[in-house]
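User: I would like to learn how to read a few features of a model from its coordinates. Please give the general idea each time, then the case here.

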Number of protein chains: 4
Amino acid sequence: MPDKLQDVIEELALANRILGNEGVLDAFGHVSVRHPGDPGRYLLSRSRSPALIEAGDILEYTLDSEPVRPPTAHLYAERVIHGCIYQARPDVTAICHHHAPAVMPFVIAGKPIVPVFHLGAAIGEEPPFWDQQDEFGDTNLLVVKPEEGASLARALGDHPVVLMNRHGATVVGADLKELVSRAIFMCQNAEYQLRALMLRAFTLGASPTLPRGEIELAGAISRLPNVVGRTWEYWSARVGGGSSVAAAPSRRVKRVKPARQAARRKTGRRK
Amino acid sequence: MPDKLQDVIEELALANRILGNEGVLDAFGHVSVRHPGDPGRYLLSRSRSPALIEAGDILEYTLDSEPVRPPTAHLYAERVIHGCIYQARPDVTAICHHHAPAVMPFVIAGKPIVPVFHLGAAIGEEPPFWDQQDEFGDTNLLVVKPEEGASLARALGDHPVVLMNRHGATVVGADLKELVSRAIFMCQNAEYQLRALMLRAFTLGASPTLPRGEIELAGAISRLPNVVGRTWEYWSARVGGGSSVAAAPSRRVKRVKPARQAARRKTGRRK
Amino acid sequence: MPDKLQDVIEELALANRILGNEGVLDAFGHVSVRHPGDPGRYLLSRSRSPALIEAGDILEYTLDSEPVRPPTAHLYAERVIHGCIYQARPDVTAICHHHAPAVMPFVIAGKPIVPVFHLGAAIGEEPPFWDQQDEFGDTNLLVVKPEEGASLARALGDHPVVLMNRHGATVVGADLKELVSRAIFMCQNAEYQLRALMLRAFTLGASPTLPRGEIELAGAISRLPNVVGRTWEYWSARVGGGSSVAAAPSRRVKRVKPARQAARRKTGRRK
Amino acid sequence: MPDKLQDVIEELALANRILGNEGVLDAFGHVSVRHPGDPGRYLLSRSRSPALIEAGDILEYTLDSEPVRPPTAHLYAERVIHGCIYQARPDVTAICHHHAPAVMPFVIAGKPIVPVFHLGAAIGEEPPFWDQQDEFGDTNLLVVKPEEGASLARALGDHPVVLMNRHGATVVGADLKELVSRAIFMCQNAEYQLRALMLRAFTLGASPTLPRGEIELAGAISRLPNVVGRTWEYWSARVGGGSSVAAAPSRRVKRVKPARQAARRKTGRRK
């Protein structure tokens, strides 16, 4: 069991860093997982930005969101979100509360996010909205009281996602990996939905386009030797690999290879 | 022949990483190439995210999308896309199926992507749409059955690109480099088309602009010594090169040079 | 006292780099702090791009924006912004003038930025506008004269933020950390507000969505073992950490782990 | 003289990499400078992607765009743009032809780019449009014939910028640094103009906003010790510097500091 627990803790820390890296979380937002050996407890980091979280930051909480051991660090103020949902939803093993930029325009405008592509179906048919103002009047919008957490859990119902007006969203999953996927796909879905709505609105008029003769002539540009050589060298350099060397796997996205090495690779290709 | 094959495999792995790096592919999407020595076979990675693919991941398939050797890893579920198109299109040597963010709003809104700039002409006059729902009713939108692949290949016809409603797109090429260019230019074209449509819709009213007197006076800001020194130092630092040292080629996009080195470069320039 | 001063100088240099890194400042814009030991003076860098500023670049100014010691470097032309506001606002300890991309569309269109999410409340109820043209006619829009600085300070009044038409914005704070937060949250707020306004305008028509049957079937895609393995490997590689190793913390955003190491991590997982 | 020439060559190579890094150029586009010792010649790279260009790539051309020395590499097809403008404009010392993403929507929609903020004034009052179709009918839109280059130079007239329908733009400068600034500011201006136009169109209806009570309460969130500690650690880690150590200057944009080091910095801060 201790090994299992340690694995889950490592995986939770990694999930935090992944969601920080993929643009779901920034300085704010948090991810929790139900304790693998005790459904009456959950694991959540001390108050820290997700991108920086390591296994050593993870603490254990009761479902009343009280730390099991006396805390030696700041705790997230909004941890009742997690406790209240774990109480209400025995099927839920992982929870993420976030303010992802892709989702914010929808919760500000009060417009529903609906699945618009196959992966977006992970958010379910139409996520419910919850407005803290309705039940609690003016607040600072943070969900910090048990009754606020319970109210949010009621709004979530048996959905995988609940939208929070002027604040963000909360996502749940049957396991940590499903949760991470759902949070990321939800953001992609929101981005695509906003742009698809724009397209629908704009194409009332005629679309600008190339005349047919230009399409035919310009369609051949990308087959010019001059162009093929230039683009392939560029895209290869950015990805950090060559075409004739043993696979030098991409070390980072958007990196430009030192020109000196790129030049060496291409030796002999000059006329 | 073996060397030729190995070169093609390396190139295919690199093409995967390039398309992963340029924002066409992410965890999903795949690229294949027809076997250089046997038009009845094609090469495609095991199920893996394109950015991570190496030569050792590439497998060989028949045009029925069966692996030639017993697989020891997960396979892409949607490989029939590749097999069915290679069967229908002898002129095609390379295929990419993707869900690029630039393309998704169009396939969600059901609005055509048309060439709007010279490089965008690579997608042909107007890519056809294919809706899996039309022939197969409710599915999970993945193209996994031979009859689904064959239907998609029919919709593609002799076009270089086919759009897939609520799912993504499939692009073909006469060779791997043409394919990679076409996929990248298609995404750029879609981005520009969306924004051009916005511009068309918005410029009904007057555009905000600087008064003539301000244009004249502010037009000289970028020639102030104060400003020239500051901008040049900044942009040079970001690209990783100095103005007075032997060309230190850019090592990565968006990198900011350590200030210590930057300071050293500028020694003696202070008054 | 000297230690306290040095700490403030280091913190100010860091604040510059943070705001340069978070997209508030680029080659332009500047951040100052009131002198910790003398409210009649303030600290501000010599003319340099914020991303590159180190403690050694920080100079001391009187509230008339004159350097206390004879300068040996170019000074910011617009430093009167800082001096005039410190004169007018004893409660202000830190000031940032910027042209953040998120804010520019609003100050160009002359449309108010208003708090649209909880963190955006840091900008106050509705930031006032200041148009240099009103009082000074055609200028190059830079705030360089004491009377221009004083006019801007009057427009700011007791608000935390003032918007400057066709130019940018100026933000103040009770301390440097509040200022940095406010400047960053202001940019996020502006981005979300623009997109929320778009959403409001566009959803007059029906939103595109997946048919109910597709939502149900496609909702299960992210639970396919094939897919879970692929996405988790990809997102882990991008963040630079593995799921089964001791936490290898993220070293940079968007980095793709060398495939060789990734392959090693996954050894034994192939069937 | 030779030293002066070598300096200009290094600067031209750096200008290419800067414009590649700042999003003005990608695999395409090129930058030239008039020969410092002979106004009848200009310097331009061999056909290569700007981000990769080093001093050794720079070649010398006559104003008829013929290489002075027999070429041993591919040349840019569109170099007549440079030769023809240097012929027509003795005041011009540097030229950049580009297809920057920020500019493309305007040249596709055929909508003018006008200065909308102080730095944007560098593009002049209203850049003229040039449509290759008008004089030359259907082409592949590349400017490769001397008469095409001469026509473009006529359209440019005495402006600093000319827009090219469905293709891109060409920018000129009195020197290389003015040119680089103008090209970058032009892209920023185009981005801001597009978004300002959106704002103008959208704010017909009421803007969504927080209720007054929430603004007041939520305005204090960023002063919570819990929040200040978390945000400051996060933003510091991303920029690569600490608050209490000697300035560790930012090494790259968007990097996240290894958590181990971050943890070390924070030792003793836990209660």
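User: Which conventions apply?

Analyst: This is a predicted model, in which local features need pLDDT of at least 70 and side-chain atom pairs count only at pLDDT 80 or more, while totals for chains, interfaces and linings use all residues. Residues are numbered from 1 along each chain as its sequence is written, and chains are lettered from A and ligands numbered from 1 in the order in which they are written.

User: How many helices and strands are there in chain A?

Analyst: Helices (H or I, at least four residues) and strands (E, at least two) are DSSP runs, numbered from the N terminus. Chain A has nine helices and seven strands.

User: How is burial read, and what percentage of chain A counts as buried?

Analyst: A residue is buried if 20 or more other C-beta atoms, placed from the backbone, lie within 10 Å of its own, exposed if 12 or fewer, and partly exposed in between. Of the 271 residues of chain A, 62% count as buried. Strand E6 (residues 161-164) of chain A is covered on both faces: Val161(A) and Leu163(A) are buried on one side, Val162(A) and Met164(A) on the other.

User: Which strands pair with E6(A)?

Analyst: Two strands pair if DSSP finds at least two bridges between them. Strand E5 (residues 129-130) of chain A runs parallel to E6(A), with two bridges; Trp130(A) has Met164(A) as its bridge partner. E6(A) is also joined by four bridges to strand E7 (residues 168-173) of chain A, and these two run antiparallel. There, Val162(A) stands opposite Thr170(A). The hairpin of E6(A) and E7(A) has three residues between the strands, and Arg166(A) takes a positive phi near 55° in it.

User: What is the strand order of the sheet in chain B?

Analyst: The order is E3-E2-E1-E4-E7-E6-E5 in an open sheet of seven strands with mixed pairing. Strand E3 (58-62) and strand E5 (129-130) of chain B are the edges, each pairing on one side only. Strand E1 (residues 30-34) and strand E4 (residues 94-98) of chain B are antiparallel and share four bridges, one of which pairs Ser32(B) with Ile95(B).

User: Which residues touch the most other members of the largest nonpolar core?

Analyst: A nonpolar core is a set of buried Ala, Val, Leu, Ile, Met, Phe, Trp, Tyr and Cys residues joined through C-beta atoms within 7 Å. The largest has 358 residues, and Val103(A), Val103(B), Val103(C) and Val103(D) touch the most other members.

User: Why does Leu119(B) count as buried?

Analyst: Leu119(B) counts as buried because it has 27 C-beta neighbours inside 10 Å. Leu119(B) lies in the loop between H3 and E5 of chain B. Two residues are in contact if their C-beta atoms, placed from the backbone, lie within 7 Å. Not counting residues up to four places away in sequence, Leu119(B) touches Ile221(A), Ser222(A), Phe185(B) and Gln188(B).

User: How many residues of chain B are in contact with chain C?

Analyst: The size of an interface is often given as the accessible area lost when the parts come together. Here the description is by contacts: 41 residues of chain B meet 41 residues of chain C. On the chain B side, H8(B) gives the largest share, seven residues. That side divides into 21 nonpolar, 11 polar and nine charged residues, where Ala, Val, Leu, Ile, Met, Phe, Trp, Tyr, Cys and Pro count as nonpolar, Asp, Glu, Lys and Arg as charged, and the others, Gly among them, as polar.
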